[in-house]
Amino acid sequence: MAPPPLSPLATSTPLLHGEFGSYPARGPRFALTLTPQALHIQRLRPKPEARPRGGLVLLAEVSGCCTLRSRSPSDSAAYLCIYTYPRGRRGGRRRATRTFGADGAATYEENRAEVQRWATVLTCLLRGLQLPGNGEITSHLLPRPPRLLLLVNPFGGRGLAWQLCKNHVLPMISEAGLSFNLIQTERQNHARELVQGLSLSEWDGIVTVSGDGLLYEVLNGLLDRPDWEEAMKTPVGILPCGSGNALAGAVNQHGGFEQALGIDLLLNCSLLLCRGGCRPLDLLSVTLASGSRCFSFLSVAWGFVSDVDIQSERFRALGSARFTLGTVLGLATLHTYRGRISYLPATVEPASPAPAQGLPRAKSELTLAPVPARTVAHSPLHRSVSDLPLSLPQPVLTSPDSPEPIPVLSLNGGGPELARDWGGAGDPPLSPDPLLPSPPGSPRSALLSPITEGGPEVPSSPGLLPPTPDGDPVVLSTGGPPDHLLPPLGTPLPPGWVTLEGDFVLMLAISPSHLGADLVAVPHARFDDGLVHLCWVRGGISRAALLRLFLAMERGSHFSLGCPQLGYAAARAFRLEPLTPRGVLTVDGEQVEYGPLQAQVHPGLGTLLTGPPGRPGREP
């Protein structure tokens, strides 16, 4: 039966209000008020606070919640645990849990119903689900948990990507009630091979935990499939654990967070992923001199930007600092390149932002009844960490459907004390409510150990490209939509194109707003504006002026400097013809063959997991 129509809620409307105790039971008592934007907390006893500290929990900083109960038979209270990531005094995020006890009723069952009601409403708000106008709160408001495939490049982020994932990403998505399977990639194009053979109907999203390069592999692998049109409907996301985190910087800005780097950027993007929501993602189809094609979600670069990107590879151990060092060295040996840039100007102004599309929303472990089990046959995966049942030809570590404590409470620390740690003294500890059955695939106890090592097993599929004679996979896309705006390379361009020829220091064709996590190349760009943004710097600029441009780019204010050598155009397609015999071309930071190339925008070809939109420049 379809749910009743849902009505919108005002952001300041109180949805729930009640009095709660704390854990341990002898702690203070609180009055809680839940609105669509925040949880308001006021201490009632032992002494009311005129100006309560920590009395406001923004939902934008909440990853999830769960219900708990005491192991003491005499404790009839039911507990609500909320996982938050507020900003500290120094600006960085830190994990904190808030635990409140419902003890107003005489029996545990009545108290449990009350915390379930709060947890259900809170989860609906976090997932962007509207509440019924009649005020009836049931577990049927919560759909099943989204199933996410996480691909981790363990060599990303100075080799710390797996540690960052284990310490920060997995705990948070478990707190949010998301189901996941995780694979560590082992070589270049491993992710590309995997997505070519996946049964995509088993997944609600593919998330890369690395820099921008891994997502490039995923998107081009999806476009290699014979069912690429259907495959590209699979949402993709990125959690930044690499040295180049440009798309994550754009996602962070879209979510309304202040500019962030490192772990703060990772936590921001993880929070947005937990909230759900996606947008269309424009892709560039890039045709190289040999006639082969690849697809770009980020940028095509020639000159200074591509030189720094490739020449700084030898400093990869420095992480994102390699780009700073590479920029200094590039300025010391500044080159100019002769070339020709032609583009088809955009005929319309960018449209106003479209409303965020819905994502499959997560069902927490607060459901009253399990979802009927569905028979699944997951594709064989390699080096996998999972909370989902897998059908693999090798030993697998999966989480049983049992009421054991959720590891995230002990992985991160700071949560309620678990029953298995209790020595019998003091207040009995809390545990996940054993009377709440866990739906199939809920993250009850994701085990953080990889599958037995071995060669990757990818099922045979017509979507797999034949290997090259030396055994390496083909790395350029063969599928995807036709380029109806582009004539063949080497042939004259149709009327309406604009051509610039001369000496250039750099040329950058970029789709999203960010060139790096802290470099806002095109502040007004959007994921789905249907445009490629062309930026170029002509020869004759001084080293000092070029440095000022990049310093201003950290704030997105470089266009206001009035630099005469800086140019910009919004286009639907472009052609780049280097006239200098030697140089470096990159697509999404990956070096490609040097020579003429051309590209056109395919609006909304992909779907990007972004989380809900925020107010740019302000913390939600």
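Student: How do the residues of the lining of the largest cavity divide into nonpolar, polar and charged?

Tutor: Happy to start there, keeping in mind that this is a predicted model. The largest cavity is lined by 15 residues. Cys counts as nonpolar here, along with Leu, Val and Met. The lining divides into 14 nonpolar, 1 polar and no charged.

Student: Which residues lie nearest the centre of the largest cavity?

Tutor: Good one to check in your viewer. The elements giving two or more residues to this lining are β18 (498–510), β21 (532–538) and α12 (543–553). Nearest the centre of the cavity lie Leu506, Cys535, Val537, Met553 and Leu566.

Student: Which element gives the largest share of that lining?

Tutor: Let's look at the elements again. Among those that give two or more residues are the strands β18 and β21. The largest share, 4 residues, comes from α12.

Student: What volume does the largest cavity have?

Tutor: Let's set it among the others. The structure holds 8 cavities of 30 Å³ or more. For the largest of them, the volume is about 120 Å³.

Student: What percentage of the residues in the chain is buried?

Tutor: Let's take the whole chain now. Its secondary structure comes to 12 helices and 25 strands. A residue counts as buried when its relative accessible area is under 20%. Of the 620 residues in the chain, the buried ones make up 57%.

Methods:
Residues are numbered from 1 along each chain as its sequence is written. This is a predicted model: local features need pLDDT of at least 70, side-chain atom pairs count only at pLDDT 80 or more; totals for chains, interfaces and linings use all residues. Side-chain values use heavy atoms; hydrogens and water are left out. On a 1 Å grid over the protein atoms alone, a cavity is a set of points where a 1.4 Å probe fits but cannot get out, and a pocket is an open set with protein on both sides within 12 Å along at least five of seven lines; lining residues have an atom within 4 Å of a point. Grid points are joined across faces, edges and corners, and a volume is the space filled by probe spheres set on the points. Buried means under 20% relative accessible area, exposed over 50%, partly exposed in between (1.4 Å probe, protein chains only).
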